[in-house]
Amino acid sequence: MQHIETVVVGSGGAASITFSAIPATFTDLVVVMSLRNSVDTATSTLAFNVSGGTYTTRRLLGSGSAVSSSTSRTDYFAVPSSMTASTFGNTLIYIPNYAGSAAKSYSTDSVTENNATLAQQSIIAGLWSETDAITSIALNAAGGGNWVEHSSASLYGITAGSDGITAVS
Amino acid sequence: MPTPTYLSLATLTLTSASATVTFSSIPATFRDLIVVCNFSGSTAAQMILRFNGDTGANYSGVFMSGSPSGAVSGTLTNFFTNIRTSQNATILQVMDYSATNKHKTTLIRANNGDFGEVAAQATRYASNSAITSVALLTNAGTISIGSTFSLYGVN
């Protein structure tokens, strides 16, 4: 796994964290995020290549008191402003074959933190319909908010290959 | 210097449909194994996980999933994911795979955004033997051309 880029939000906040000009030299991408929203919403949107394409998802969500399965594109990646101070949501997104010529599957695992019953844990299966290579990933704060200072996201690339010992057939 | 991780061991892109993909001669030099699968099937089926060619009743696990049928949780044996004819993305992490003093835990995330299925599973392979091979096989139809399977070692 090779580190590509890390973005850390400064004191002014940021409406979006965007990785752009992603090289096509890896096999898979991993995004690791720690996010808090300046407004009272935990949701965010994930966008590949700025815009375009169709996203189909299945989300399994636990909230501390209930579980639900839905096709909502609402991604609970961030801790909202109403949750315990100094807590941030934690999310990992895995994107296999991001530079291939097929539609792009992605997998997300996400939690928010709160010193109360309400906290979200979700897993999402996603499919982006475009067959273009992914060259940018945007993480946008919802509700008109901003990612607060100290929010961060890191992008990693993973390259498949062979060690010359392990066989596969 | 940081410890390297996700070291690539083997990768395969199917050029002909196949019912089985097997990683073998896996060296014992890592802590965990990661298998990344991006695949589709010729028909709806189940993907079965086998370690060291063991076909005995040595596999058990729990799962939670979301699908068009709703949210469910339960136990499972022998299969770890549904196969759909649309694109599936599945990631397996085999913990302490080379240990000879414990059973082996595998954490699995299975995804099919097109069909609308997401699942997380934890499985136990009831063997103290080091894992030297990992086989993924479908119980119906074949895995389609263009499907990719990659094995990584994690320290």
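Trainee: How much space lies in the second largest cavity?

Mentor: The second largest cavity holds about 40 Å³ of space. A cavity is a set of points on a 1 Å grid over the protein atoms alone where a 1.4 Å probe fits but cannot get out, and lining residues have an atom within 4 Å of a point. Volume is the space filled by probe spheres set on the points, which are joined across faces, edges and corners.

Trainee: Before we go on, what sort of model is this?

Mentor: It is a predicted model, in which local features need pLDDT of at least 70 and side-chain atom pairs count only at pLDDT 80 or more, while totals for chains, interfaces and linings use all residues. Residues are numbered from 1 along each chain as its sequence is written, chains are lettered from A and ligands numbered from 1 in written order, and side-chain values use heavy atoms, without hydrogens and water.

Trainee: Okay, which residues line that second largest cavity?

Mentor: Its lining draws on Thr27(A), Asp28(A), Pro96(A) and Asn97(A), together with Val36(B), Cys37(B), Asn38(B), Thr148(B), Ser150(B) and Tyr152(B). The elements giving two or more residues are β3 (32–39) and β12 (148–154) of chain B; strands are DSSP E runs of at least two residues, numbered from the N terminus. By class, the lining has four nonpolar residues, five polar and one charged, where Ala, Val, Leu, Ile, Met, Phe, Trp, Tyr, Cys and Pro count as nonpolar, Asp, Glu, Lys and Arg as charged, and the others, Gly among them, as polar.

Trainee: Switching topic, where is Ile131(B), and is it buried or exposed?

Mentor: Ile131(B) lies in the loop between β10 and β11 (134–138) of chain B. Ile131(B) counts as buried because its relative accessible area is 1%, and buried means under 20%, computed with a 1.4 Å probe on protein chains only.

Trainee: What does Ile131(B) touch?

Mentor: Leaving out residues up to four places away in sequence, Ile131(B) touches Ile26(B), Phe51(B), Asn52(B), Val94(B), Tyr97(B), Lys104(B) and Tyr125(B), a contact being heavy atoms within 4.5 Å. Ser98(B) is 33 residues from Ile131(B) in sequence, yet their C-alpha atoms are 5.7 Å apart in space.

Trainee: And in chain A, where is Asn37(A) found, and why does it count as buried?

Mentor: Asn37(A) is in the loop between β3 (28–35) and β4 (44–48) of chain A, and it counts as buried because its relative accessibility is 1%. Beyond four places in sequence, Asn37(A) touches residues including Thr43(A), Pro80(A), Asn146(A) and Trp147(A).

Definitions and conventions. Helices (H or I, at least four residues) and strands (E, at least two) are DSSP runs, numbered from the N terminus. Buried means under 20% relative accessible area, exposed over 50%, partly exposed in between (1.4 Å probe, protein chains only). On a 1 Å grid over the protein atoms alone, a cavity is a set of points where a 1.4 Å probe fits but cannot get out, and a pocket is an open set with protein on both sides within 12 Å along at least five of seven lines; lining residues have an atom within 4 Å of a point.
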